[in-house]
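Welcome! Here is a short tour of a two-chain structure for you to follow in your viewer. Please keep the model open as you read.

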Amino acid sequence: MASITLAGDAEPRPGALARLVTFTRRNPTIVIGGLLMLALAGLALAAPYITSDPLKMNPRMRFRLPGEQFWFGTDQFGRDVYARTIWGTRVSLVVGLSVAALASVLGLIVGLLCGFYKAVDGVVMRVMDGIMAIPSILLAIALITLTRPGLPIVIVAIVIPEIPRVVRLVRSVVLSLRAQPYIEAAIAGGTKTPKLLLRHIVPNTLAPLIVQATYVCASAILTEAGLSFLGVGVPPEIPSWGNIIAQGRSFFQIAPWSILIPGIFLAIMVLAVNMLGDGLRDRLDPRLARRM
Amino acid sequence: MTAPVLEVENLQKHFPIHKGLLRRQAGSVRAVDGVSFAVRAGETLGLVGESGCGKSTVGRAVLKLIDPTGGRILLDGEDVTELNAAGMWARRRRAQIVFQDPYSSLNPRLSAGAIVGEPLENYGLASGREKTNRVAKLFERVGLRADFMRKFPHEFSGGQRQRLGIARALSVGPALIVADEPVSALDVSVQAQVLNLLIDLQEELGLGYLFISHDLAVMRHISHRIAVMYLGRIVELADKRALFTRPLHPYTEALLSAAPIPDPTRQRKKLVLQGDVPSPANPPKGCHFHTRCPYAIARCKVEDPVLREALPGHQVACLRREAGPDALPLPA
């Protein structure tokens with residue numbers, strides 16, 4: 001502030017464009033991450049309109065180089081890698097978003113109860129410690145072996161080991177909020193527990209929860225790709241970046257594009273989610289940014 | 001003499017100390033160790049003492065924000081000690097609290113109007129337009145403009161925030177307000193305004209105050225009677241004038257002589273205590289104060305003094321103020 005602003009000569013409100021520019025300059029990671037995610041989501045939604053059938057085999061067109069006809073080349077069955085990669089975006093996005101949403105909601109509920117009720121806390125937190133000790137890939141393999149493979153079971157398998165991380169975060173925030181005098185004041189003012197949680201505690205846990213959700217999302221996308229690569233993720237008839245890479249692996253020397261391109265997409269999506277998360281963390285919770 | 005709005009008999013609050021892997025109880029902190037007093041309608045009882053003596057714990061236990069370990073609490077003559085959360089809920093309207101820290105006692109995500117209106121909503125006293133009107137009246141009553149209702153706590157100054165806290169406490173029409181160091185976080189000039197607001201409200205509404213503070217000047221301004229606490233116990237309870245002019249307990253004497261007086265030329269007798277306050281987890285046997293008392297005798301180490309009336313309306317817990325061969329001469 002160079003000079004004192006008097007009430008009379010208030011500066012004119014900056015236009016929408018100017019405000020957007022300022023926001024971008026202050027939070028470049030949110031804008032870049034957000035735009036990348038929007039672009040990927042756009043591709044995923046438009047997949048049926050901008051690509052051909054990702055499962056159509058064409059033995060005469062095997063191992064075609066990327067070019068005019070096949071932008072990203074073809075694989076060992078003559079399938080279009082472009083179509084397969086774009087369709088694979090859907091799986092990654094659906095897994096990432098649903099795991100983030102489910103883990104956040106379940107983690108929020110369990111974390112609230114643990115933070116608020118001492119009796120629940122002792123038991124549930126030990127169970128959470130137990131879940132945390134199980135490697136997520138192993139748990140997923142076990143679950144998928146027991147049931148029919150499919151997208152829902154992949155999501156469940158990834159959500160379970162993510163829940164304890166969210167619970168720990170929410171619980172710690174609730175514990176520190178409980179010691180705030182405004183919570184005591186609300187109790188003294190006759191606010192009953194459900195309202196106390198919804199009105200005073202939940203809104204104050206949302207900022208760190210959203211940031212945590214972005215990290216859960218990124219790690220879920222990677223885990224899904226890993227599971228599909230190992231052949232225990234989504235079934236092969238659904239193209240996913242993981243199973244595209246797995247199928248292209250044996251022909252890496254002849255057709256490197258069939259593993260490079262989905263790999264690049266995977267890297268860009270995880271990077272975009274992490275950038276968004278970092279940006280949101282800095283913006284929503286400056287204290288958290290310094291701690292991490 | 002009006003009926004007491006709050007009576008406390010032998011109140012105790014012990015916090016357990018857990019140790020080791022199995023979290024076995026290794027002892028307890030006796031934050032409040034047998035405290036009795038009463039607050040009448042329209043009266044301010046000051047509770048004074050240094051930090052850690054248990055005065056805030058008394059305030060919270062009285063409202064059952066923490067569960068007392070022992071003793072009895074009577075609100076409006078009704079025993080609330082054994083009431084569960086639901087039973088206490090119905091009685092909370094009669095007793096409210098104003099907190100020390102005006103920053104953390106208001107939810108930063110709610111508007112000022114929502115904060116003050118929340119208790120009204122909780123007890124179904126008013127809703128919609130009616131609630132807005134009542135909140136506006138409360139704002140004006142505590143000296144805030146009604147159009148501040150839409151503002152958020154961070155937009156207010158410390159004094160204004162404390163006024164919001166008072167408005168919230170008043171909203172449900174209590175008979176008793178526990179004021180837990182309500183002005184110690186404020187500037188001196190603002191302190192006086194908030195204290196005077198509290199005094200005005202008391203005269204107008206006949207409120208009883210349990211006023212907790214470590215500041216003797218503030219106490220002198222607002223209290224009618226003052227209880228002095230040391231290590232979880234009340235050592236002296238008397239009329240404000242009697243306490244300031246003729247303290248009977250050696251701790252009160254030391255406390256008063258430590259308070260600054262705005263006159264550098266005035267000479268006075270100083271009583272400076274040696275050593276530190278003993279740990280409330282392991283209070284000394286006998287009189288809690290004997291380790292630092294200049295008048296302590298052998299009896300003080302074994303015998304617990306009881307809070308007794310030494311002069312009319314002037315109670316003190318000191319063996320040397322009891323009639324007998326060890327009695328000290330009363331100060332003039």
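Two strands pair if DSSP finds at least two bridges between them. With that in hand, chain B holds an open sheet of eight strands in the order 6-7-8-3-9-10-12-11, with mixed pairing. Please note that this is a predicted model. Chain A, for its part, has 11 helices and zero strands.

**The sheet of chain B**

- At the edges of the sheet stand strand 6 and strand 11 (308-311) of chain B, each with a single partner strand, so one side of each is left without a neighbour in the sheet.
- From one strand to the next, the twist averages 25°.
- Strand 9 (residues 225-230) and strand 10 (residues 233-239) of chain B run antiparallel and are joined by six bridges.
- Val228(B) has Glu236(B), in strand 10 of chain B, as its bridge partner.
- Helix 1 (residues 55-62) of chain B packs on the sheet, where it touches strand 3 (44-48), strand 6, strand 7 (176-180), strand 8 (208-213) and strand 9 of chain B.
- The direction of helix 1 of chain B makes about 150° with that of strand 8 of chain B.
- Helix 5 of chain B lies across strand 6 and strand 7 of chain B, and runs at about 175° to strand 6 of chain B.

**Helix 3 against helix 5 in chain B**

- Two packed helices are described by the angle between their axes and the distance between the axes.
- For helix 3 (residues 112-122) and helix 5 (residues 158-170) of chain B, the axes come within 7 Å and cross at roughly 25°.
- Angles under 35 degrees count as roughly parallel, and that makes helix 3 of chain B roughly parallel to helix 5 of chain B.
- The crossing of helix 3 of chain B with helix 5 of chain B is right-handed.
- Helix 3 of chain B brings Ala112(B), Ile115(B), Val116(B) and Pro119(B) to the contact, where they meet Leu164(B), Ala167(B) and Arg168(B) of helix 5 of chain B.
- By class, this contact of helix 3 with helix 5 of chain B has six nonpolar, no polar and one charged residues.

**Where the chains meet**

- At the interface, 20 residues of chain B are in contact with 14 residues of chain A.
- Strand 6 and helix 3 of chain B each supply at least two residues of the side of chain B that touches chain A.
- Helix 3 of chain B gives the most to that side, with three residues.
- The side of chain B that touches chain A has nine nonpolar, five polar and six charged residues.

**Helix 7 of chain A**

- Is helix 7 (residues 181-188) of chain A largely enclosed or largely open? Eight of its eight residues are buried, so helix 7 of chain A is largely enclosed by the rest of the structure.
- The buried residues of helix 7 of chain A include Tyr182(A), Ile183(A), Glu184(A) and Ile187(A).
- The cover over these buried residues includes helix 6 (151-178) and helix 8 (193-230) of chain A, together with strand 6 (95-98), helix 3 and helix 5 of chain B.
- Gly190(A) follows helix 7 of chain A and has a positive phi, near 85°.

**Chain A as a whole**

- Along the principal axes, the C-alpha atoms of chain A fill a box of roughly 75 × 60 × 30 Å.
- Of the 292 residues in chain A, 40% are buried.
- Among contacts in chain A between residues at least 6 apart in sequence, 69% join residues at least 24 apart.
- Helix 3 and helix 8 of chain A pack at an angle of about 145°, with their axes 7 Å apart, in a right-handed crossing.
- Val95(A), Val99(A) and Leu112(A) of helix 3 of chain A are among the residues of this contact, as are Leu197(A), Ile201(A) and Leu209(A) of helix 8 of chain A.
- The residues of the contact of helix 3 with helix 8 of chain A divide into 17 nonpolar, four polar and one charged.

**Two backbone angles to check**

- Most residues other than glycine have a negative phi.
- Phe63(A) has a positive phi, near 50°, and its place is in the loop between helix 2 (28-50) and helix 3 (81-116) of chain A.
- Phe63(A) is partly exposed, with 15 other C-beta atoms within 10 Å.
- Glu181(B) has a positive phi of about 50° and lies in the loop between strand 7 and helix 6 (188-205) of chain B.
- Glu181(B) counts as buried, with 21 C-beta neighbours inside 10 Å.

Note on methods. Residues are numbered from 1 along each chain as its sequence is written. Chains are lettered from A and ligands numbered from 1 in the order in which they are written. This is a predicted model: local features need pLDDT of at least 70, side-chain atom pairs count only at pLDDT 80 or more; totals for chains, interfaces and linings use all residues. Axes are lines fitted to C-alpha atoms, for helices over the stretch in contact, and angles run from 0 to 180 degrees between N-to-C directions. Helices (H or I, at least four residues) and strands (E, at least two) are DSSP runs, numbered from the N terminus. Angles under 35 degrees count as roughly parallel, over 145 as roughly antiparallel, 65 to 115 as roughly perpendicular and the rest as oblique. A crossing is left-handed if the near helix is turned anticlockwise from the far one by less than a right angle, and right-handed if clockwise. Two residues are in contact if their C-beta atoms, placed from the backbone, lie within 7 Å. Ala, Val, Leu, Ile, Met, Phe, Trp, Tyr, Cys and Pro count as nonpolar, Asp, Glu, Lys and Arg as charged, and the others, Gly among them, as polar. A residue is buried if 20 or more other C-beta atoms lie within 10 Å of its own, exposed if 12 or fewer, and partly exposed in between; C-beta atoms are placed from the backbone.
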